[in-house]
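Here's a quick walk through the sheets, helices and ring contacts of this chain. Keep the 3D view open while you read.

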Amino acid sequence: MDEDAIRDALRDVTDPDLGDDIVTLGLVNSIEVDDDTIHVDLALGAPYSPTETGIADAVRDAIGNVDRDVNLTANVDTGLAADDDVLANVENVIAVASGKGGVGKSTMAVNIAAGLSKMGARVGLFDADVYGPNVPRMVDADEPPGATRDETLVPPEKYGMKLMSMAFLVGEDDPVIWRGPMVHKVLTQLWEDVEWGHLDYMIVDLPPGTGDTQLTLLQTVPVTGAVIVTTPQDVALDDARKGLEMFGKHDTNVLGIAENMGTFVCPDCGGEHAIFGEGGGQQFADVHDMPFLGSVPLDPAVRTGGDEGAPIVLDDDSATGEAFREIARNVANNTGIVRRREHTTRTVADR
């Protein structure tokens, strides 16, 4: 089977989201054939995404009926020059944001990150909430960062995730009282002066609102996409709309809407109660033509897991943990759609 025959066989593999075959879409970067192995490099940009894993499996099936090994690799050009990419070794930067506090944004960020790590991805979790950093407590991480001879920081790790937070750098009870320029400077240094290594995903837990930290991130880091967290109630949805507008003004893809505290299942009577309203996150996503990533119930085990540093997404027996795992899978899938669509647009423009 030569290169042309392999390329023809790959025309039978369809991208389920982009709606065409991977050859026409330009998702086959290269094909090389030697005596023992067929090497195919694919433009897949979301490691451990269930959809992209399915595409890779379909490629193996399409060309696997020959007496050769099949070696698949994945690379997507970011479109950025190396000097312009602040986090050159990070495949995808995903911001987790909310318009207001109190909606469980940090809980969502921690569980998405831990969920992706559980799937096998290399994950970093950056706590960018300078004034109220909570991530270390939520993953029970008290080991401070290390340092190299070049005075860069080596992030501690927990649950397979590399961690960075202002909580590691200030006293436990010390308030951070900084103006915007200082926040910008410190965040920029933490992104640039930390030995993150190669990551498939960096999850950035943003503070609530649309202030200095958000602007610093969007102006200095190539953000792949954002997750907007809300509860079903109208007050939260009003503020989520502001966050949506902020990312729109900076041409940042929104991966979807994640709803927290959707319903409460009474442990005594078994009844399901919509304490904060019902279906608000789904309706918000529908109105704004955004993907709905999923809904997480109001479950005391989420609070317990956060306080004790054991993200509930890691509990295989928990229905709430499965709700978080579904959101993590959808985040990965939608990241893949963004990366493949951008690659296809660039490829078609170059033809």
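What you're looking at is a predicted model. Let's begin with the sheet whose strand order is S3-S4-S5: this one is open, and its three strands show mixed pairing. Strand S3 (28–33) and strand S5 (69–74) are the edge strands; each has a single partner strand, so one side of each has no neighbour in the sheet. Going from one strand to the next, the twist averages 15°.

S3 and strand S4 (residues 37–42) run antiparallel and are joined by five bridges.

Helix H1 (residues 3–10) lies across S3 and S4, and its direction is at about 140° to S3. Helix H2 (residues 50–63) packs on the sheet too, where it touches S4 and S5 and makes an angle of about 150° with the direction of S5.

How do H1 and H2 sit relative to each other, and how do their axes cross? The axes come within 9 Å and cross at roughly 130°. H1 and H2 are therefore oblique to each other, and H1 passes H2 in a right-handed crossing. On the H1 side the contact uses Ile6, Ala9 and Leu10, which meet Val59, Ala62 and Ile63 in H2. Sorted by class, the contact of H1 with H2 has six nonpolar residues, with no polar and no charged ones.

## The eight-stranded sheet

Further along there's another open sheet, this one with eight strands in the order S10-S11-S7-S12-S6-S13-S14-S17 and again with mixed pairing. Strand S10 (157–158) and strand S17 (292–295) take the edges; each has a single partner strand, so one side of each is left without a neighbour in the sheet.

Inside this sheet, strand S13 (residues 225–230) and strand S14 (residues 254–259) run parallel, with five bridges joining them.

Helix H3 (residues 105–119) lies across strand S6 (90–97), S7, strand S11 (161–165), S12, S13 and S14, and runs at about 170° to S12. Helix H7 (residues 234–249) lies across S6, S13 and S14, at about 170° to S13.

H7 also packs with helix H8 (residues 280–287): the angle is about 35° and the axes are 11 Å apart. The crossing of H7 and H8 is right-handed. From H7, Leu237, Ala240, Arg241 and Leu244 make the contact, while H8 brings Gly280, Gly281 and Phe284. That gives four nonpolar residues, two polar and one charged for the contact of H7 with H8.

## Rings

The count of aromatic pairs comes to two. In one of them, the rings of Phe126 and Trp196 have centres 6.1 Å apart and planes at 45°, so the pair is tilted. Where in the chain do Phe126 and Trp196 come from? Phe126 is in strand S7 (residues 123–127), and Trp196 is in the loop between helix H5 (180–192) and strand S12 (199–205), so to speak a link between distant parts of the chain, 70 residues apart.

Methods. Residues are numbered from 1 along each chain as its sequence is written. This is a predicted model: local features need pLDDT of at least 70, side-chain atom pairs count only at pLDDT 80 or more; totals for chains, interfaces and linings use all residues. Side-chain values use heavy atoms; hydrogens and water are left out. Two strands pair if DSSP finds at least two bridges between them. Helices (H or I, at least four residues) and strands (E, at least two) are DSSP runs, numbered from the N terminus. Axes are lines fitted to C-alpha atoms, for helices over the stretch in contact, and angles run from 0 to 180 degrees between N-to-C directions. Contact means heavy atoms within 4.5 Å. Angles under 35 degrees count as roughly parallel, over 145 as roughly antiparallel, 65 to 115 as roughly perpendicular and the rest as oblique. A crossing is left-handed if the near helix is turned anticlockwise from the far one by less than a right angle, and right-handed if clockwise. Ala, Val, Leu, Ile, Met, Phe, Trp, Tyr, Cys and Pro count as nonpolar, Asp, Glu, Lys and Arg as charged, and the others, Gly among them, as polar. Rings of Phe, Tyr and Trp (its six-membered ring) pair if their centres lie within 6.5 Å; planes under 30 degrees apart count as stacked, over 60 as edge-to-face and the rest as tilted.
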